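Reader: Hi! Could you walk me through this one?
Author: Happy to, here it is.

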Amino acid sequence: MEEFASETDSDYTSYWRDWFVSSRGNEYFCEIDEEYLTDRFNLTGLNTEVHYYQHALDLVNDVFDLDCDDEMREAIEKSARHLYGLVHARYIVTTRGLAKMLDKYKKADFGKCPRVICDSHPLLPMGQSDIPHQKAVKMYCAKCEDIYNPKATRHATIDGAYFGSSFHNILFQVYPALIPEKSRARHMPRVFGFKVHVAAALARWQDGVRVEQQRGLREAGVENAAFLEDEGEVADEEDGFGQGGEQGGEDSREGGCRGRWGHGGGEGVKNVHES
């Protein structure tokens, strides 16, 4: 964060909000109206979350006149930045705040989606938590409906609570015409220009299902889970009947289930053919 420096105290307090919004690393923030900052109702509860609350508020409102040393001023400056961020999260969900953030969104001031198929669709800042110091700000793409890390490292340390977890959704509720058309386009794997055979994808899906079944059996304490891991290929070749059941002729349902999980030898299958 750049330090605010000036020759006189008057300069220090006259343009604090302009300096904050224009500072490198604060490009995601919009300027909060003075009327909003001076309305104590909008600041309810923030006095317990910000150190040196009154001095920080005076600094943000350009009425700071406290004569203090550099260490104290630095602490107040830090609290002022935190206070501005918390108020910013409340301001950007108001009518005026949404309009300002919409202008920045249309100009792609927040960056563009890194996903190639999204065709550089503009992003929106969002928080994964409304509680300060929990999660850093993330970028939301309305086209692929996914979130990404900020491209610039100077933005990666911004607190996500300064934007909140609801702002990006409220924006599209107020401006539904901005909701982009969802694209069904997906990257298609190819080998020398030819699409990868569907059977390969099916085999990968089957392997995934088998792994899930093995995990479920292990969690349930089934003794034959290890057998499935060793004999999975054999069960596939037998088309779900495995090696048959030891008592496959006694009950068709029991024999089918046992055959599916690979119990016993081939007597169950033999009995079926003989009958």
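Reader: How many aromatic pairs does a search of the whole structure find?
Author: Twelve aromatic pairs, where rings of Phe, Tyr and Trp (its six-membered ring) pair if their centres lie within 6.5 Å; planes under 30 degrees apart are stacked, over 60 edge-to-face, the rest tilted. Trp 16 and Phe 20 are a stacked pair, at 5.2 Å centre to centre and 10° between the planes. This is a predicted model: local features need pLDDT of at least 70 and side-chain atom pairs pLDDT 80 or more, while totals for chains, interfaces and linings use all residues. Residues are numbered from 1 along each chain as its sequence is written, and side-chain values use heavy atoms, without hydrogens and water.

Reader: Thanks! Why are Trp 16 and Phe 20 separated by about one helical turn?
Author: Because they sit four residues apart in helix 2 (residues 16-22); helices are DSSP runs of H or I, at least four residues, numbered from the N terminus.

Reader: And is Phe 20 buried or exposed?
Author: Buried, at 2% relative accessibility; the word means under 20% relative accessible area (1.4 Å probe, protein chains only). Phe 20 also pairs edge-to-face with Phe 29, at 5.3 Å centre to centre and 65° between the planes.

Reader: Nice. Switching topic: at what angle do helix 6 and helix 7 pack?
Author: About 95°, with the axes of helix 6 (residues 95-106) and helix 7 (residues 167-174) 11 Å apart; axes are lines fitted to C-alpha atoms over the stretch in contact, and angles run from 0 to 180 degrees between N-to-C directions.

Notes. Helices (H or I, at least four residues) and strands (E, at least two) are DSSP runs, numbered from the N terminus. Buried means under 20% relative accessible area, exposed over 50%, partly exposed in between (1.4 Å probe, protein chains only).
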